[in-house]
Amino acid sequence: MLKISLKLGLWIFICILLIESISMIFLHSNMVHSRIDQELDSLKARGNSHRDVLEISLDPATLRHIGLMESHTDTDVVVTNSTGRVLVTSESVNSEMKQILDRSLSDVPRNGLIVQSDWRKERYIATVTPFKTNGENMGYLYMFKNTEDVEAFISQLNRHFLLASMLILFFMSITIFLLSKALTRPLIIMKEATAKLSKGDFSVSLPLRSNDELGELAKSIQTLANDLYYMKQERNEFLASISHELRTPLTYIKGYADIAKRTDLEFQERTQYLNIIHEESERLNHLLEELFDLAKMDQNTFSIAKERVHLYPFLHSIYKKYLPAFENKKIQLQFNCDNDLFVDLDPARFEQVILNLLDNALKYSKMGTVASIEAFKKEDNVQVALSDQGMGIPQEEMPYIFDRLYRVEKSRSRETGGYGLGLAIAKQVVDIHGGTISVESSIGQGTRFTIALKENYK
Ligand SMILES: Nc1ncnc2c1ncn2[C@@H]1O[C@H](COP(=O)(O)OP(=O)(O)OP(=O)(O)O)[C@@H](O)[C@H]1O
Ligand SMILES: [Mg+2]
């Protein structure tokens, strides 16, 4: 597997190399061409100036003078007459020069003609300029320049280009190396983090520096890790509480069964112990049923059958059903519900929610207090509120009361027989209905649970 940093680096490298090579080649050939053009132009200009002199006075002295002048420069001159006979040279004519001189010329423009520009293959570059007197063509003036100079210039140019290319390549490689490392580092860290997660190690902490897509991804992975960690923690606590909850009734059952086995027991006593065993088994059964319901809600296999419900009669029948229990404990239960409220809900499940809340109000209030069921419209919602004047819930416990098997005072609830599942179930059912449940409470003053549901108008 090719590493991503290497892949990215190679891609950038190839792209830049291509761009660099093309621009280098372009620049190089441009420089060479302009240098050759310059040489040819100056050669032609020199030829032209000799021509001007020759046209003023075409005599042996001038010719000699021109030859002498060129023998001291890096250019050479050959003057021929119109038939091609050499009149004067600054250097003895060698075979390469001869080849050029032997070419037939026709219609040479007055300002000269380039007769050899191929500096690569030939030893000379050359131009020719015709000279005339009284409009008659008197001969030609050839200018030669040895290509050694140009070649030396070009090979020096090549050396410079090579050096520059190597430097650029070197710095480019370093930059690309660092860049691709920097770009892929967060990806690699995230890959390692997810590998850790998949092995069940949720103690992942990712640097959340950038604000771009990579940063977003890191944030998501971090949230996932935190959630998984929280879930694992919660599951462990949940299992611990379940086994604790199961152990106590089982201890009772086992203890009372041991006693009931004794042969010397009165019938009445045995019946009493068996009754306790029966009660505890009932309680266990109830606990398991509720846990099972919660598990179903988690898996979304919990089905609710929603229907349009007129809230007043629905709540009033619940009120009437549970009023005796409150009267029994000398708690006044009030009912106050607007008559025009309609909502979509599953009546059986929702009765369970109200029942759980009423059960709490009853359990955690003393005699002589007042509890109430209210329903009214607030903003776009229908709110159902259940209040009591009971013992209240400590502020620091409030975030947890909807957790499974959570009880504020473990010993107190054992007496009253609760498992800490009532509110967890209520919240799940309300959630499934698309509503919210909230709580306000103050110690010694009372508690108020409020359920908000969407209203069904029509
Ligand atoms: N109206 C209330 N007044 C005071 N405390 C409350 C009230 N309602 C709930 N609580 C606290 O919140 C805890 C969780 O309530 P929840 O109904 O989930 O469990 P429970 O009543 O203990 O047991 P269960 O409902 O399973 O029989 C309770 O143990 C109690 O401490
Ligand atoms: Mg309860």
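Q: What makes D102 count as exposed?
A: The rule is that buried means under 20% relative accessible area, exposed over 50%, and partly exposed in between (1.4 Å probe, protein chains only). D102 comes out at 54%, so D102 counts as exposed. Keep in mind that this is a predicted model: local features need pLDDT of at least 70, side-chain atom pairs count only at pLDDT 80 or more, and totals for chains, interfaces and linings use all residues. As for bookkeeping, residues are numbered from 1 along each chain as its sequence is written, chains are lettered from A and ligands numbered from 1 in the order in which they are written, and side-chain values use heavy atoms, with hydrogens and water left out.

Q: Why is the contact of K98 with D102 called a salt bridge?
A: The label needs a side-chain nitrogen of Lys or Arg within 4 Å of a carboxyl oxygen of Asp or Glu.

Q: What makes R110 and E55 a salt bridge that links distant parts of the chain?
A: Their side chains meet at 3.1 Å, N to O. R110 is in the loop between α3 (95-101) and β3, E55 is in helix α1, and the two are 55 residues apart. Helices and strands here are DSSP runs numbered from the N terminus (H or I, at least four residues, for helices; E, at least two, for strands). R110 has a relative accessible area of 46%, so R110 is partly exposed. The structure holds 18 salt bridges.

Q: Why does the salt bridge of E351 and K321 tie together separate parts of the sequence?
A: E351 and K321 bring N and O atoms to 2.6 Å at the closest. E351 lies in helix α8 and K321 in helix α7 (residues 311-328), so the pair ties together parts 30 residues apart in sequence. K321, at 52% relative accessibility, counts as exposed.

Q: Why does N360 count as having a polar contact with ligand 1?
A: A polar contact is a pair of N or O atoms within 3.5 Å; within protein, one must be able to donate a hydrogen and the other to accept it, and residues adjacent in sequence count only if both atoms are side-chain atoms. D388 has one 2.8 Å from a nitrogen atom of ligand 1. Taken alone the ligand exposes 590 Å², and the protein buries 96% of that. Accessible areas come from the Shrake-Rupley method with a 1.4 Å probe; for residues, only the protein chains shown count as cover.

Q: What makes β4 and β5 count as paired strands?
A: Pairing asks for at least two bridges between two strands in DSSP. β4 and strand β5 (residues 136-146) have ten, in the antiparallel sense, so they qualify. V128 has Y142 in β5 as its bridge partner. On β4's other pairing, strand β3 (residues 113-116) joins antiparallel over three bridges, with I114 opposite T127.

Q: Why is L405 called buried?
A: L405 has a relative accessible area of 8%, so L405 falls in the buried class. L405 belongs to the loop between β10 and α9 (410-416), and its phi is near 60°, a positive value in a residue other than glycine.
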